[in-house]
Amino acid sequence: MVKKVDTVVLDTLKERLKEIFGYSQFRGEQEIIIQNILLGKNTFVIMPTGAGKSLCYQLPALVSDGLTIVISPLIALMKNQVDQLTAFGINAQFLNSTLTKGEMTRVKNDALDGILKLLYIAPESLTKEDNLDFLKKAKISFVAIDEAHCISEWGHDFRPEYRRIYGIIENIGNLPIIALTATATPKVQQDIRKNLQMEEAETFKSSFNRKNLYYEIRPKKDTKKQLIRYVRNNKGKSGIVYCLSRKTVEEVAELLSVNDVRALPYHAGLDSNTRMANQDAFLNEECDVIVATIAFGMGIDKPDVRFVIHYDVPKSLEGYYQETGRAGRDGLEGNCLMFYSYDDIQKLEKFNKDKTVTERDNARHLLNEMVAYSTLGVCRRRQLLSYFGEYLDKDCGFCDNCVKPTEKSKVQDEVVLILNAVYQTEQRFDGEHIADLITATDNQYVKSYEHDKLDVYGKGLELNESKDFWISAIRQLVILNYLEKDVENYGVVKISEKGRAYLNDPYPVTLQKDHNFEEEEVKAEDEEKEAGTGSAHAYDEALLGMLKALRKKVAKEKNLP
Ligand code: ADP
Ligand code: MG
Ligand code: ZN
């Protein structure tokens, strides 16, 4: 499928970047990504929100002959991008249900006449018969699939229509594809590759570490009071509060308003005019806090959001990461606070009642990861990055678990036992079943094995620890990279290179106690009584230090004094 491209085109990309967009530098791997797609090769781009994915298809679209098709899940997203491109003097349009028949004909004619460079299409429109005929006639350079995670049921916003895209592209012609997403879990990535039949595609993945974001989780108790205090302490700053239901959105927006906070609600139950008006008010700083369901945010590019609060526990870590990612896009302060309670998890589980068995299993798996993230005492950033397949070799120093660590313990026999158990079961068990085995919990999985012949069987009980301890320890060993989790394969854990070396030459490993939110509630209350404010000094100091460093960095980049 490799196309012949004028090397001049590849060599002058930087000049075109400056000429068209006014940027003097490519960010991260943008240039080599653009070269890859220009060579006609399938390309897979995984970058966090705000990293600059759009440019990876916009610039090659402009230097290619013909029309580039961009598939995008939301009308608001398309409109936003078309407006931006038009402002740059680029001929871009969208094709979706908001257009009249006449407008559609005009757009199609422009495309066929070769005037149009980029055409944004919703997946639903793509599958329409007359659009298909038109696409077959047009001269198309390549297809970009934005927000490609919508293909996967394992992602956080699955769109069934996205699964039909590949068939259509095949029907139109053998076109190179560039798929882009900010979802980095290996499972979702694999789904995308499979569905788009681009297993061979070169993958460009940049780090998901958002160094300026402070992650924090508090017990969900007296949440309203905590919320008001938090928002008041951040008076005048832009923030988003995410709630699960429309009803809670309305209540919380009202609560903040009566407490002198300029807050507005946003959810799919509001009519589109109100939604638009509230979104604009937020973007134009007429309101400070937007209280919203997850309907709010995709494609919203407000650089100075200073905090994102999860009033309710989100359904998945992907969702959490995306939503928290809307804070601090300018590289400055960004605080991510989530209120956690197991009640929320149970509520979310109830929503899955009517789903198919597979969907329910997926949803439960995602929730389990959410519970683990919330309760483990390990550095939040290490946990998040580990979930996205990235390994951070030390604690970040800039999250609540780093700033106010839970109790630590040094263990060696326990680690050796776990690694041996993984080894003896031939790396075919997931973490929970390993814990079952060493605590002699005889369920069907353990029994399916000749467990009584293994010398690790029941050994965990001799070390006198609860099953919860073992589950937590195994999770921590994954984050610390002694074990690797095979997400493609039901979360089976395997011994990593580091783990193998460890077995030859073991040493004490520091593990962190899990959070016990019930207990912590009491502690928080005590602190509040003592300090009178409830704010933790350690946190404030870490934040101040980090902020100073960030300000310096930004000032240097922008040549400010
Ligand atoms: P993503 O889709 O990855 O979330 P966007 O494509 O919306 O991110 O880009 C985020 C912001 O970064 C935009 O405002 C865009 O103009 C800007 N941007 C992208 N590439 C560059 C670059 N090379 N130099 C400067 N700004 C850039
Ligand atoms: Mg984008
Ligand atoms: Zn940390």
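**View 1. Strand β5 is mostly covered in this predicted model.** In β5, 6 of its 6 residues are buried. A residue is called buried if 20 or more other C-beta atoms lie within 10 Å of its own, exposed if 12 or fewer, and partly exposed in between, with C-beta atoms placed from the backbone. Strands here are DSSP runs of E with at least two residues, helices are DSSP runs of H or I with at least four residues, and both are numbered from the N terminus. This is a predicted model, in which local features need pLDDT of at least 70 and side-chain atom pairs count only at pLDDT 80 or more, while totals for chains, interfaces and linings use all residues. Residues are numbered from 1 along each chain as its sequence is written, chains are lettered from A, and ligands are numbered from 1 in the order in which they are written.

**View 2. β5 belongs to an open sheet of 7 strands with parallel pairing.** The order of the strands is β3-β4-β2-β5-β6-β1-β7. At the edges are β3 (92-95) and β7, each of which pairs on one side only. Two strands are taken to pair if DSSP finds at least two bridges between them. On average, neighbouring strands of this sheet are turned by 20° against each other, direction ignored. Such angles run from 0 to 180 degrees between N-to-C directions, and the axes are lines fitted to C-alpha atoms, for helices over the stretch in contact.

**View 3. Bridges link β5 to β2 and β6, and β6 to β1.** Strand β2 (residues 67-71) is joined to β5 by 5 bridges and runs parallel to it; in this pair, T68 has F142 of β5 as its bridge partner. Between β5 and β6 there are 3 bridges, again with a parallel run, and V143 is partnered by I177 of β6. Strand β1 (residues 43-46) is connected to strand β6 (residues 177-181) by 4 parallel bridges, where V45 meets L180 of β6 as its bridge partner.

**View 4. Helices α3 and α5 lie against strands of the 7-strand sheet.** Helix α3 (residues 30-38) packs on the sheet and touches β1, β5 (140-145), β6 and β7. The direction of α3 makes about 155° with that of β1. Helix α5 (residues 75-87) lies across β3 and β4 (118-121), and runs at about 160° to β3. Two residues are in contact if their C-beta atoms, placed from the backbone, lie within 7 Å.

**View 5. A second open sheet holds 6 strands in parallel pairing.** The strands follow the order β8-β13-β12-β9-β11-β10. Its edge strands are β8 (213-219) and β10 (263-266), each pairing on one side only. Neighbouring strands of this sheet are turned by 15° against each other on average, direction ignored. Strand β9 (residues 238-242) pairs with β11 in the parallel sense over 4 bridges, and the bridge partner of Y242 in β11 is A292. Helix α11 (residues 223-233) lies across β8, β9, β11, β12 (305-310) and β13 (334-340), at about 170° to β13. Helix α13 lies across β10 and β11 and runs at about 140° to β10.

**View 6. Q197 and E285 have positive phi values although neither is glycine.** For Q197, phi is near 45°. Q197 is placed in the loop between α10 (186-195) and β7 (202-205), and is partly exposed, with 13 other C-beta atoms within 10 Å. For E285, phi is near 65°. The loop between α13 (272-283) and β11 (289-292) contains E285, which counts as exposed because it has 12 C-beta neighbours inside 10 Å.

**View 7. The surroundings of ligand 1 comprise 14 residues.** Y23, R27, G52, K53 and S54 are the closest; a residue is near the molecule if its C-beta atom, placed from the backbone, lies within 6 Å of it. The shell divides into 5 nonpolar, 6 polar and 3 charged residues. Here Ala, Val, Leu, Ile, Met, Phe, Trp, Tyr, Cys and Pro count as nonpolar, Asp, Glu, Lys and Arg as charged, and the others, Gly among them, as polar.
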